[in-house]
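The sequence and structure are shown first.

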Amino acid sequence: MLSLALAAWVSGQGQPLVLHYPAEPELAGITVRWSGHDVPFVRSGEEWLAIVGVDLDSRPGDHAVNVTFRYADGRTRVVAEPVTVRSEQYPTTELTVEERYVELDPKDQARAEREAAETSAIYDTFTPERYWSEAFVVPVEGATDGRNFGHRRVFNGQPRSPHSGADLRARTGTPIHAANRGRVVLAKDLFYSGNAVFIDHGHGLFTTYLHLSAIGVKVGDIVERGQQLGLAGATGRVTGPHLHWGVRIVDARVDPFSLVRLGK
């Protein structure tokens, strides 16, 4: 039997991982067990492809995942394939924000916990349909900044979780566009994130657009790549107007610009 191309199974913390397998006679489908989900491969020409993510806090070193091969005659086989996670170095950033976003009163604390549970449930959803077929694009026209993904953040002198997205410079009112085709699964005001839009692109891949001044879509909408979602702003926990653009792939926090660099 052919084996997976091991070079495709090496990635850094906070980076996407594209899995390749050559087309094999009678092979009808492949899935990889990743972060509690069976992620399907997609046939593309003479190979099968799947995309997963290596989380910011994944343990560096060698791991193994189960890959299931299904054949036209009904046979299946399961292979444990090695995955190597490289350590990535992310700097620390100190920020000053409104004190209410650091020392929460009981009402805000309860709200933040409810919203964290809501967004966690969204990320735990796996849509079997893959909505996108083109390369991902940056949601702010002409933006090339936003290199602060993974920075370890200190708010008002207190350490907090690492930055899970890229902050793009955008004045209030700047149009914000969908990075690719998908379905809107959240469009509302959140305590930390302000006005937020979450898009499910299928196969466990989500993009998020935070701190908007206005939202122009609703839950259930199918949006196309480049479609306007709303306007940039400074809502939620911010130091000024900008867009926080985030990516999750099978619940892993991934650098959005690394997704753009992958192509289709």
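The sections below describe a predicted model.

## Aromatic pairs

A search of the whole structure finds 6 aromatic pairs. In the pair of Y123 and F206, the ring centres lie 5.7 Å apart and the planes stand at 80 degrees; the arrangement is therefore edge-to-face, since angles over 60 degrees are assigned to that class.

Together with F198, the residues Y123 and F206 form one aromatic cluster.

## Arginines over ring faces

Two arginine placements over aromatic rings are described here. R75 is positioned over the face of Y71, at 4.3 Å from the ring centre. R77 lies over the face of F69, and its distance from the ring centre is 4.1 Å.

Is E115 buried or exposed? Its relative accessibility is 11%, so E115 counts as buried, the limit for that class being under 20%.

Leaving aside neighbours within four places in sequence, E115 is in contact with D189, L190 and F191. For F191, the backbone nitrogen lies 2.7 Å from a polar atom of the E115 side chain.

Definitions and conventions: Residues are numbered from 1 along each chain as its sequence is written. This is a predicted model: local features need pLDDT of at least 70, side-chain atom pairs count only at pLDDT 80 or more; totals for chains, interfaces and linings use all residues. Side-chain values use heavy atoms; hydrogens and water are left out. Rings of Phe, Tyr and Trp (its six-membered ring) pair if their centres lie within 6.5 Å; planes under 30 degrees apart count as stacked, over 60 as edge-to-face and the rest as tilted. A charge sits over a ring if NZ of Lys or CZ of Arg is within 6 Å of the ring centre and within 35 degrees of the ring normal. Buried means under 20% relative accessible area, exposed over 50%, partly exposed in between (1.4 Å probe, protein chains only). A polar contact is a pair of N or O atoms within 3.5 Å; within protein, one must be able to donate a hydrogen and the other to accept it, and residues adjacent in sequence count only if both atoms are side-chain atoms. Contact means heavy atoms within 4.5 Å.
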